[in-house]
Amino acid sequence: MLEVQQLFRKHFGFPPIYTVQAPGRVELLGNHTDYNQGLVLAMAIDRAAFMSVSARTDGKVELISSAFPTPQSFSVLDTTRDVAAPWTNYIKGTLVALRQRQAHCSGFNAAIHGTIPVGAGLSSSAALMVATALAVRQLHPYTLTATGVTVPPKRAGNGSLRPLTNVEKIEIARTCHAAETNFVGVNCGLLDPLSSLFGKAFHAIEIDCQSLTIEHLPMIGEIALVVCDSGVKHALVDGAYNELRSQCEAAARALGVKSLRSVDSLFLNSNRKRLTEREYQCAYHIAGENQRVAASSRILRDGDFAQFGQFMFQSHESSRDYFHNSCAELDLLVSLARTHPACLGARLTGGGFGGSTINLVQRAAVESFSKAIATVYEKRTGRKLEPMICLAVDGAK
Ligand code: GLA
């Protein structure tokens, strides 16, 4: 039995009816491009949020989490933000967003267990929201479309539901995105929930955030992806993320385009005078990231990880020197990685200002890489570093 199922049984005194899981993600390339309608490469990882549930009919939600000792309960109609237990807001927000799309529920008991480190920039919050949306779908099946709900899916003889279609995955991602933007208050993009839903084992996910088309690219070779959590807490709710987004939007307005997706480096440089220095720096970062992701599509199909790694280093430099969403610890991790002969590429991943770096490393040398980087990082910063090898996995189910 899974840990989350044991937790459910222990707290509620009977076994759960359904268990769902939603993976975390790493952003491989394409930093802050999602809300600029750009291109991004991500990967769902073998760390997840698990949720075991059973239905209730009294309109109450009762939660127990392995990470927080105090059980929580609230009404399904409750729309107040909880300051004492902010993790419950991701669940409440998802219920609110589902209800706005006519996907209702009559309450449930849920146990939650997660293996995604919190605050490491690996989308533990999006995973929790996706898990909530899928748990509600198990209890009260719904089919989301762009215009609302349609005929719910039927259960098979064994009680199971058919797998989600791509359209449904996109609409669930939009619902979770609405929860995070409107309820939690981070003006983020669609990257995190889309990655959790569209994961594929041994593959990267290429997302075009303008057309919302998704392709899978092979990540197969003698390589490993190592995540190094800097230990500096990245809290997206503070204003820095939203401020970057405003700069990008201001740059697009000043350039007379709908979004920075339409801006390449050539156009940007010939129109530089129309921008403030800060707007220029932000637009430069986004244009470069879009170009690198576009080129990576071919590169990953060819299995050219040496070139892909170079793009990762360039991406990090662009974050550090132009976008300014790195920090001393992330820069240190990337420069330490660079000095290891088996490291092909390294960069910060996700929002930035802390959180993790990702490192593309020759598989045979993963242990020596992890040991070397942890030893020096700990010595230089006094912070413990536990590099994690992450595998590409299938999406939420
Ligand atoms: C965070 C946000 C995403 C995306 C990344 C940066 O993870 O939640 O929407 O903007 O930062 O690429």
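Helices α8 and α9 are roughly antiparallel to each other (angles over 145 degrees count as such). The model is predicted, so local features need pLDDT of at least 70 and side-chain atom pairs pLDDT 80 or more, while totals for chains, interfaces and linings use all residues. Residues are numbered from 1 along each chain as its sequence is written, and side-chain values use heavy atoms, without hydrogens and water.

**The helix pair**

Helix α8 spans residues 277-301 and helix α9 residues 305-323. They pack at about 170 degrees, with axes 10 Å apart. Helices here are DSSP runs (H or I, at least four residues), and strands are E runs of at least two, numbered from the N terminus. Axes are lines fitted to C-alpha atoms over the stretch in contact, and angles run from 0 to 180 degrees between N-to-C directions. Contact means heavy atoms within 4.5 Å. On the α8 side, the contact residues include Cys 282, Tyr 284 and Ile 286; on the α9 side, they include Phe 305, Phe 308 and Phe 311. By class, the α8 contact with α9 has 11 nonpolar, 8 polar and 4 charged residues.

**Cysteines**

The whole structure has 0 disulfides (cysteine sulfur atoms within 2.5 Å). The sulfurs of Cys 248 and Cys 282 are 4.9 Å apart, too far for a bond.

**Accessibility**

Buried means under 20% relative accessible area and exposed over 50%, with partly exposed in between (1.4 Å probe, protein chains only).

| Residue | Relative accessibility | Class |
|---|---|---|
| Cys 248 | 0% | buried |
| Cys 282 | 0% | buried |
| Ala 364 | 87% | exposed |

Ala 364 lies in the loop between β12 (356-362) and α11 (366-381). Ala 364 is 17 residues from Arg 347 in sequence and 21 Å away, C-alpha to C-alpha.

Notes. Parallel < 35°, antiparallel > 145°, perpendicular 65-115°, else oblique. Nonpolar A, V, L, I, M, F, W, Y, C, P; charged D, E, K, R; others polar.
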